[in-house]
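Please look over the structure shown below before reading on. The report that follows is meant to be read beside it, one part at a time.

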Amino acid sequence: WSVFPLSYSCDKIVYILVICFHLMKSMFYSILIARLQVAFGTSAYGYSNCQIYSLFVFVFLYTIILCVGTPFLIYGKWLTDPYNWCHVHIFEDKGLYVPIGVLLWIVMDV
């Protein structure tokens with residue numbers, strides 16, 4: 001079962017799903033940053049507005065880099081055994097950009 005029809009490009013399916021994953025992850029990080037401000041806003045452990053805004057800017061820029069770079073790192077391939085499904089593959093022949101991009105993905109997950 002899939003929201004996307006089988007006639008749809010597997011590359012586009014993979015791009016849409018991976019970019020949505022990165023966007024949802026950044027929204028989660030933004031919620032956590034906002035909770036930092038709410039939880040520690042007026043206490044001695046509070047963060048300054050500059051620090052909070054810097055964290056938001058970092059998450060925003062990092063997300064833009066990941067979303068723009070996604071099509072250069074991955075591609076989709078239809079697999080037919082045991083049933084038709086679109087699988088994510090990472091390019092292996094793009095030089096140094098692919099390991100750097102994968103490292104950025106890992107760093108954002110940590």
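## Basis of the report

This is a predicted model, in which local features need pLDDT of at least 70 and side-chain atom pairs count only at pLDDT 80 or more, while totals for chains, interfaces and linings use all residues. Residues are numbered from 1 along each chain as its sequence is written, and side-chain values use heavy atoms, with hydrogens and water left out.

## Two helices side by side

Helix H1 covers residues 10-40 and helix H2 covers residues 49-73, and the two pack at an angle of about 175° with their axes 10 Å apart. Helices (H or I, at least four residues) and strands (E, at least two) are DSSP runs, numbered from the N terminus. Axes are lines fitted to C-alpha atoms, for helices over the stretch in contact, and angles run from 0 to 180 degrees between N-to-C directions. H1 and H2 are therefore roughly antiparallel to each other, a term used for angles over 145 degrees.

Among the H1 residues that meet H2 are Tyr15, His22, Leu23 and Ser26, and the H2 residues that take part include Asn49, Phe56, Thr63 and Pro71. By class, this contact of H1 with H2 has 15 nonpolar, seven polar and no charged residues. Here Ala, Val, Leu, Ile, Met, Phe, Trp, Tyr, Cys and Pro count as nonpolar, Asp, Glu, Lys and Arg as charged, and the others, Gly among them, as polar.

Not counting residues up to four places away in sequence, Thr63 touches His22, Leu23, Ser26 and Met108, where contact means heavy atoms within 4.5 Å.

## The second largest pocket

A pocket is an open set of points, on a 1 Å grid over the protein atoms alone, where a 1.4 Å probe fits, with protein on both sides within 12 Å along at least five of seven lines; lining residues have an atom within 4 Å of a point. The second largest pocket has a volume of about 180 Å³, a volume being the space filled by probe spheres set on the points.

Its lining includes Tyr29, Leu55, Tyr62 and Val110, and by class the lining has eleven nonpolar, no polar and no charged residues. H1, H2 and helix H3 (97-109) each supply at least two residues of this lining.

## A cis peptide bond

Most peptide bonds are trans. The bond from Asp81 to Pro82, however, is cis, with omega near 5°, and Pro82 lies in the loop between strand S1 (74-79) and strand S2 (85-90).

Tyr8 is found in the segment before H1 and is partly exposed, with a relative accessible area of 33%. Leaving out residues up to four places away in sequence, Tyr8 touches Ile13, Ile16 and Trp78.

Phe40, in helix H1, is also partly exposed at a relative accessible area of 33%, and beyond its neighbours within four places in sequence Phe40 is in contact with Tyr45, Gly46 and Tyr47.

Methods:
Parallel < 35°, antiparallel > 145°, perpendicular 65-115°, else oblique. Buried < 20%, exposed > 50% of the residue type's maximum accessible area, 1.4 Å probe, protein only.
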